[in-house]
Amino acid sequence: MNLAIIRVLGIILFLYLMWRNLKDNYHENDLISYSWVALLSFFAGGRLVYGLINWGVWNTNWTDWFAVWNKPGLSLIGAYLAVFGVTYWICRNEGWKLWSFAEDSLNVFLVFFIFLILDEFVRSGFDLRTGVNILVAIIAFAASLFIKTKYRSFSWYRSGKKGFGFLFINSLICFMLAGVSFWFKDSIIYTGLYLLGGLISLVGLCILGEVFDELMVNLKRNKK
């Protein structure tokens, strides 16, 4: 029962915070629809990828694929990619700006992730690795709160566009998870994927902030 309460609280908080934090900038009905679709894609993507990676661990029966509530097992990478894909698709259809929406909803998703990882932590019998993942999520949430109102004052972030928080936190999480993966001696493929994700986010951050433009201008000045 306690496990169900943790997961239910996470879902309720996600739905409530998504509505409360974004209702002033987005149509409420569209926002509610997105929230439910995001939840479904989160669990479906996370369950599917976990099942494929850990083939045969619990999925000997086809009904196990849908037993999200009863059987532990959720790939946060798969869940993240599924939610991002759905978010991109909905933003295009609704005419929302992807990076603005990603930044507006960032803290809501981080709170949701903390509750879901906490649920996995209890289900796993307080596994150390899962506990470290909770710490990563909490650090990312604290960093997000700190920089959310600060980044527009960064002189090197010329554009000041929304999206800094999302891309920065994305890269921070990826690099921290790469360190965790290396520490726990995971496959080098996982560590490499985390590092690649962090680098992609950093490059995206530089492009969004027109950092490369400023760098090129400074290089041309130095050549003169």
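Cysteine 91 counts as buried, at 2% relative accessibility; buried means under 20% relative accessible area, exposed over 50%, and partly exposed in between (1.4 Å probe, protein chains only). This is a predicted model, where local features need pLDDT of at least 70, side-chain atom pairs count only at pLDDT 80 or more, and totals for chains, interfaces and linings use all residues. Residues are numbered from 1 along each chain as its sequence is written, and side-chain values use heavy atoms, with hydrogens and water left out.

**Cysteines**
- Cysteine 174 is also buried, at 14% relative accessibility.
- A disulfide is a covalent bond between the sulfur atoms of two cysteines.
- With a disulfide taken as a pair of cysteine sulfur atoms within 2.5 Å, the count here is zero.

**Leucine 98**
- You can find leucine 98 in helix α4, residues 98-123; helices (H or I, at least four residues) and strands (E, at least two) are DSSP runs, numbered from the N terminus.
- Leucine 98 is buried, with 16% relative accessible area.
- Leaving out residues up to four places away in sequence, leucine 98 touches Phe84, Thr87, Tyr88 and Cys91, where contact means heavy atoms within 4.5 Å.
- Threonine 87 sits 11 residues from leucine 98 along the chain, and their C-alpha atoms are 7.7 Å apart.

**Isoleucine 200**
- Now look at helix α7, residues 188-208, which holds isoleucine 200.
- Isoleucine 200 is exposed, because its relative accessible area is 55%.
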